[in-house]
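Please look at the structure shown here and follow it step by step.

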Amino acid sequence: MSFLYPMLDERPVEATALLADLARSAQAKAVESDRVRVSSLAGCAERLDRAATAMAAALLAGGRLLCFGNGGSATDAAGLAALFATPASGSPVPARSLAEDPAVLTALANDVGVDVLFARQVIAHGRTGDIALGLSTSGGSANVLRAFAEARRRGLLTVGLSGYGGGAMATCDDLQHLLPVDDQSVHRTQEAQSALAYALWQRVQAHLGETP
Amino acid sequence: MTSPTAAPCEVVTGLPEGLAEDLAATALVLARRLHAGGTLWCASPAWPHHAQHVAVEFVHPVIVGKPALPAVAITTTALTATVRANARAGDLLLVIGPHDDEAIADVLGRAPAWGVTTVWVGAGTRPSAGAADHVLWLPDDAHAQHDGRFILLYHLLWELAHVCLEHGGASGEGLLAPAAAGDGPVCITCSDEGRLGEVERTSAGTARVRTADGPEDVDLTLVGSADRHDLLLVHAGMAITRVSPARVTAAGAEVLQVTS
């Protein structure tokens, strides 16, 4: 984006021009966000169906959902866990985020390192039949990939959401279900990941006999 | 089984009418407050992860080279008490939640007494006009909080605020000057407009109240008595009436009319 205005003496005029440009920019980005979300949902339709079928089977068999990610993906993991565990409508299922407890996170980061943030919690909490769901806009977060590896060793179902067409997740042997967003922008990717995660929840609810 | 038909996002529509302009105006005010040293406080009693996502965008930008800015997510249940203790005049408070969230109504109603600019993000039934200084609202849609559109709104706010900061710096900071906001104090002694004050303590018929312009002592004769944290309409050294935070949020600037 460029701002090639002449230097105006009248401050209100300059602010008015800036505000108009900002609004145009916001609208263009919103249209792009819609486009990435729609194309991601369409492109992942079959992947969503397969992942939801496997997740519903695990949940119906008593499995629990463990979500994780870093930064904005950590907050999205928390939102997804809350959606599964405490939905406004539909069936609640056991789900929580591994990125929410500062005592656990700082203990692991300080004593061992950030690469084990989620893997060590999978060791502590994961049981055969549980689900490990990780988010990474780059697809390459080392601690997310390590958690997938630990999860597979312990017989958990692994599900990943990623940008950059999958990134390192696309070639991760430990990942059973990948929901990729094919975009380079972290922000547009996070928005599309949220749409994919919500579509995943809706499909799982349908398997559970709910139509939220 | 059949797949659910309610896809969260089926068409490319962009922002609803007026929202792009609301975002632009909010971003400029946000940039001005941050430029002046203010802090962005973020809260979402119903969906705390959204507040944390807003804060982390500002503190640790995903785009290399963007400056880190002071934003804090408040996830405690003691929302009002935490903002009261931490926020300073010139700060901003961004809340995310439905129009009928009681914790949001309480903290937004008190914010004018603290000199804190407010932004309310949500979807569905829109809050009344004046409930917050800036309202960023999506149409009635139960999916918006989950399907990425709330995230889009605060991503855009972050992106536009940084444009303002960069452009404002290049313009010799004129754009970022507080006076340009058009929201400075009006002459209060000769108008019929009162101001909000929150009681900090009382003593023998007077109260020390916190206002946007700092602490001041007011006479309690007209209201009889007051308790700590009561919200008072203050005018010319007198407490005119007691108002509830929820009423301030519901009625906006109307409660400031002394003659009403």
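How many salt bridges are there over all chains? Over all chains the count comes to 20 salt bridges, and it should be kept in mind throughout that the model is a predicted one.

One of these salt bridges brings together the side chains of Glu159(B) and Lys29(A), with a distance of 2.7 Å from N to O. Because Glu159(B) belongs to helix α5 (residues 149–170) of chain B while Lys29(A) belongs to helix α1 (residues 11–43) of chain A, this pair joins two chains. Glu159(B) is buried, at a relative accessible area of 9%, whereas Lys29(A) is partly exposed, at 24%. Both residues also take part in a network of salt bridges, in which Lys29(A), Arg188(A), Glu191(A) and Glu159(B) are linked.

Two further salt bridges can be followed in the same way. In chain B, the side chains of Lys66(B) and Glu166(B) meet in a salt bridge with an N to O distance of 2.6 Å. This pair links distant parts of the chain, since Lys66(B) is in the loop between α2 and β2 (71–74) of chain B and Glu166(B) is in helix α5 of chain B, 100 residues apart. Lys66(B) counts as partly exposed, with a relative accessibility of 24%, and Glu166(B) likewise counts as partly exposed, with a value of 42%. In chain A, Glu150(A) forms a salt bridge with Arg154(A), and the closest N and O atoms of the two are 2.8 Å apart. Here Glu150(A) is buried, with a relative accessible area of 11%, while Arg154(A), at 32% relative accessibility, counts as partly exposed.

The next step is the build of chain A. This chain has seven helices and five strands, and from the N terminus on its elements follow the order α-α-β-α-β-α-α-β-α-β-β-α. The C-alpha trace of chain A spans about 70 × 45 × 35 Å along its principal axes. Chain A has 212 residues, of which 54% count as buried. Among the contacts in chain A with a separation of 6 or more, 67% are between residues 24 or more positions apart.

Which elements give two or more residues to the lining of the second largest pocket? This pocket has a volume of about 880 Å³, and of the 38 residues that line it, the closest to its centre are Ala74(A), Thr75(A), Ala78(A), His49(B) and Gln52(B). The elements that give two or more residues to the lining are α3 (72–85), α4 (102–111) and α7 (186–207) of chain A, together with α2 (48–59) of chain B. The most is given by α3(A), with eight residues. Sorted by class, the lining of the second largest pocket has 20 nonpolar, 15 polar and three charged residues.

Ala111(B) is buried, with a relative accessible area of 0%. Leaving aside neighbours within four places in sequence, Ala111(B) is in contact with Val116(B) and Thr118(B). The C-alpha atoms of Ala111(B) and Pro245(B) are separated by 9.1 Å, although the two residues are 134 residues apart along the chain.

The cysteines come last. A disulfide is a covalent bond between the sulfur atoms of two cysteines, and a search of the whole structure finds zero disulfides over all chains. Cys172(A) is in no disulfide, and the nearest cysteine sulfur, that of Cys44(A), is 17 Å away. Cys172(A) is buried, with a relative accessible area of 15%. For Cys42(B), the closest cysteine sulfur is in Cys164(B), and because the sulfur of Cys42(B) is 17 Å from it, the distance is too far for a bond. Cys42(B) counts as buried, at 0% relative accessibility.

Technical notes:
Residues are numbered from 1 along each chain as its sequence is written. Chains are lettered from A and ligands numbered from 1 in the order in which they are written. This is a predicted model: local features need pLDDT of at least 70, side-chain atom pairs count only at pLDDT 80 or more; totals for chains, interfaces and linings use all residues. Side-chain values use heavy atoms; hydrogens and water are left out. On a 1 Å grid over the protein atoms alone, a cavity is a set of points where a 1.4 Å probe fits but cannot get out, and a pocket is an open set with protein on both sides within 12 Å along at least five of seven lines; lining residues have an atom within 4 Å of a point. Grid points are joined across faces, edges and corners, and a volume is the space filled by probe spheres set on the points. Helices (H or I, at least four residues) and strands (E, at least two) are DSSP runs, numbered from the N terminus. Ala, Val, Leu, Ile, Met, Phe, Trp, Tyr, Cys and Pro count as nonpolar, Asp, Glu, Lys and Arg as charged, and the others, Gly among them, as polar. Buried means under 20% relative accessible area, exposed over 50%, partly exposed in between (1.4 Å probe, protein chains only). Contact means heavy atoms within 4.5 Å. A salt bridge is a side-chain nitrogen of Lys or Arg within 4 Å of a carboxyl oxygen of Asp or Glu. A disulfide is a pair of cysteine sulfur atoms within 2.5 Å.
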